[in-house]
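Please keep the sequence and the three-dimensional view at hand while reading.

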Amino acid sequence: MEQSVQVCIAGGGPAGMMLGVLLARSGVSVAVFEKHADFLRDFRGDTIHPSTMQMLYELGWLNDFLKLPHQKVRTLTGVFGTKRIKFADFSHLPVKAPYIAMMPQWDFLNFLAAKGQAFPSFKLLMQTQAVDLVTDRGRVTGVRALCNGAEMVISADLVVAADGRGSTLRACAGLVPNDYGAPMDVEWFRLPRLAADTEETQARFDGGRIFIMLNRGDYWQCAFVIPKGRDAEIRAAGLAAFQASVAALLPIDTTRAAAISSWDQVYLLTVKVDRLQEWARPGLLFIGDAAHAMSPVGGVGVNRRVQDAVAAANLLTRPLRANALTFDDLKRVQARREFPTRMTQRLQLFLQNTVIAGSLAAAGPVAPPLALRVLTAIPLLRRLPARLIGLGIRPEHIAPR
Ligand SMILES: Cc1cc2nc3c(=O)[nH]c(=O)nc-3n(C[C@H](O)[C@H](O)[C@H](O)COP(=O)(O)OP(=O)(O)OC[C@H]3O[C@@H](n4cnc5c(N)ncnc54)[C@H](O)[C@@H]3O)c2cc1C
């Protein structure tokens, strides 16, 4: 099968779907390839931040979006021994939805897919896996893909690699991101949540362990932060030992740790922080995790990917519509997004290497870090964490059509 579109996007994650929908909304013909048959993936970025909802508002889609089931997180709390510090309060942000909406990522992606279907130039091809780049005299001119096992070639003015942190197209282009390291990995699992639970979303820091609980309505989404590479050792020590270490950190009825009845319920996230030096080649652009994987610190992943997509749509729609896209246009996307990405990653690395590594290495109770005490003690600085997490550095906005 051979086809031709203006833009072919590999990867139907937050970055690829948002870019596809925005371009199609402006009349650009787009095909998004997603290798899976659906968007169902547990334990992904389920945190939709105020910055993303503000863009949905600018698109006129916020009310529809908020009709989907979600939980609102208005503040973030850190617990250090017996000390509780509310380090982010989103209620002051100058946006329409000043809170984090906890929503399964598949609901968000299905929502974008439904919006995309309203535009005639939007094509979403599920079970279609990009396997190689098609090039002509040094320029990428299309993608070779497997669609339900059948080979197809799509030619395009622009190929966008939004195929995630293990990007196939990045490997095809021979690009390797710089790896900035991470001292931890994360084990994700669920515990039952009762309507009577009074605890809220929080991160608990203790000697040698960090435990995060996110209120997801009828369950707690829990993250057990462990020293890098120790997952196998923890599993080898047995489920009972794991349940006991979870129970030791639970501020709710500790017997609920017994709900983890199999290792199949525990999902390992290997934390990575990396970034490509160049996000573009002639005819090819990398966005989202394919260009830069981020740490889960701050839960900003999905939202920064959506911002990549919005920046790319803002910068590329006009040249695409004029059939005049150049390599310089693609480099402008990197120029726009590299600074906020670099700064966010630096901040994450700082927190990883001080607060997180410090807590994981500590033998006894952990005190709140100095930076956090300063931030929360000085009124002028108190609003900074909510701004950095909720909006990010230089947030993007939907350009008028
Ligand atoms: C366990 C886990 C927990 C996380 N928790 C959070 C969180 O709490 N908050 C947060 O903000 N972020 C979190 N993240 C990160 C967040 O999910 C990612 O940063 C975000 O999804 C990246 O978006 P993306 O569109 O760039 O890539 P992805 O979401 O990885 O999407 C890439 C898509 O491309 C598809 N694909 C891959 N290869 C191909 C191919 N060759 N052809 C076609 N399709 C392909 C994949 O199936 C996938 O759907 C988490 C990630 C993981 C793994």
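The structure is a predicted model, in which local features need pLDDT of at least 70, side-chain atom pairs count only at pLDDT 80 or more, and totals for chains, interfaces and linings use all residues. Residues are numbered from 1 along each chain as its sequence is written. The protein chain is divided into domain 1 (2–46 + 104–179 + 272–351) and domain 2 (184–227 + 230–269), with bounds that come from an automatic or database domain assignment. Helices (H or I, at least four residues) and strands (E, at least two) are DSSP runs, numbered from the N terminus.

**Domains and nonpolar core**

- The centres of domain 1 and domain 2, taken over C-alpha atoms, are separated by 33 Å.
- The largest nonpolar core contains 113 residues, and those with the most contacts inside it are Val 7, Leu 19, Leu 285 and Ile 287.
- Helix 8 (301–321) supplies the largest share of this core, 9 residues.
- Because domain 1 and domain 2 both give residues to this core, it lies between them.
- A nonpolar core is here a set of buried Ala, Val, Leu, Ile, Met, Phe, Trp, Tyr and Cys residues joined through C-beta atoms within 7 Å.
- A residue is buried if 20 or more other C-beta atoms lie within 10 Å of its own, exposed if 12 or fewer, and partly exposed in between, with C-beta atoms placed from the backbone.
- Leaving aside neighbours within four places in sequence, Ile 287 is in contact (C-beta atoms, placed from the backbone, within 7 Å) with Ala 15, Leu 19, Val 160, Ala 162, Asp 308, Ala 309 and Ala 312.

**Surroundings of the ligand**

- There are 33 residues around the ligand, and Gly 13, Gly 45, Gly 164, Gly 288 and Gly 301 come nearest; a residue is near a molecule if its C-beta atom, placed from the backbone, lies within 6 Å of it.
- At least two residues of this shell come from each of helix 1 (14–25), strand 2 (30–34), strand 9 (128–136) and helix 8.
- Helix 8 gives the most to the shell, with 4 residues.
- The shell comprises 12 nonpolar, 14 polar and 7 charged residues, where Ala, Val, Leu, Ile, Met, Phe, Trp, Tyr, Cys and Pro count as nonpolar, Asp, Glu, Lys and Arg as charged, and the others, Gly among them, as polar.

- Helix 2 (residues 50–58) is mostly covered, with 7 of its 9 residues buried.
- The buried residues of helix 2 pack against strand 3 (47–48), helix 3 (62–66), strand 7 (100–102), helix 8 and helix 11 (384–390).
- An open sheet is formed by 3 strands in the order 3-7-4, with antiparallel pairing; two strands pair if DSSP finds at least two bridges between them.
- Strand 3 and strand 4 (71–73) stand at the edges with a single partner strand each, so one side of each is left without a neighbour in the sheet.
- Strand 3 and strand 7 are joined by 2 bridges in the antiparallel sense, and Ile 48 has Ala 101 in strand 7 as its bridge partner.

- Strand 15 (residues 209–215) is largely enclosed by the rest of the structure, because 5 of its 7 residues are buried.
- Strand 14 and strand 15 run antiparallel and are joined by 5 bridges, with Asp 206 opposite Arg 209 in strand 15.
- The two form a hairpin with 2 residues between them, and Gly 208 in the turn has a positive phi of about 80°.
- Strand 15 also pairs with strand 16 (residues 219–227) in the antiparallel sense, over 6 bridges, and Cys 222 in strand 16 is the bridge partner of Met 213.
- Strand 15 and strand 16 form a hairpin with 3 residues between them, and Gly 217 in the turn has a positive phi of about 85°.

**Glu 199 and Glu 200**

- Glu 199 is found in the loop between strand 13 (184–192) and strand 14 (202–206), and Glu 200 also has its place in the loop between strand 13 and strand 14.
- Glu 199 counts as partly exposed because it has 14 C-beta neighbours inside 10 Å.
- Glu 200 is partly exposed, with 15 other C-beta atoms within 10 Å.
- Leaving aside neighbours within four places in sequence, Glu 199 is in contact with Met 213, Pro 251 and Ile 252, while Glu 200 is in contact with Thr 77 and Asn 215.

Terms used. Two residues are in contact if their C-beta atoms, placed from the backbone, lie within 7 Å.
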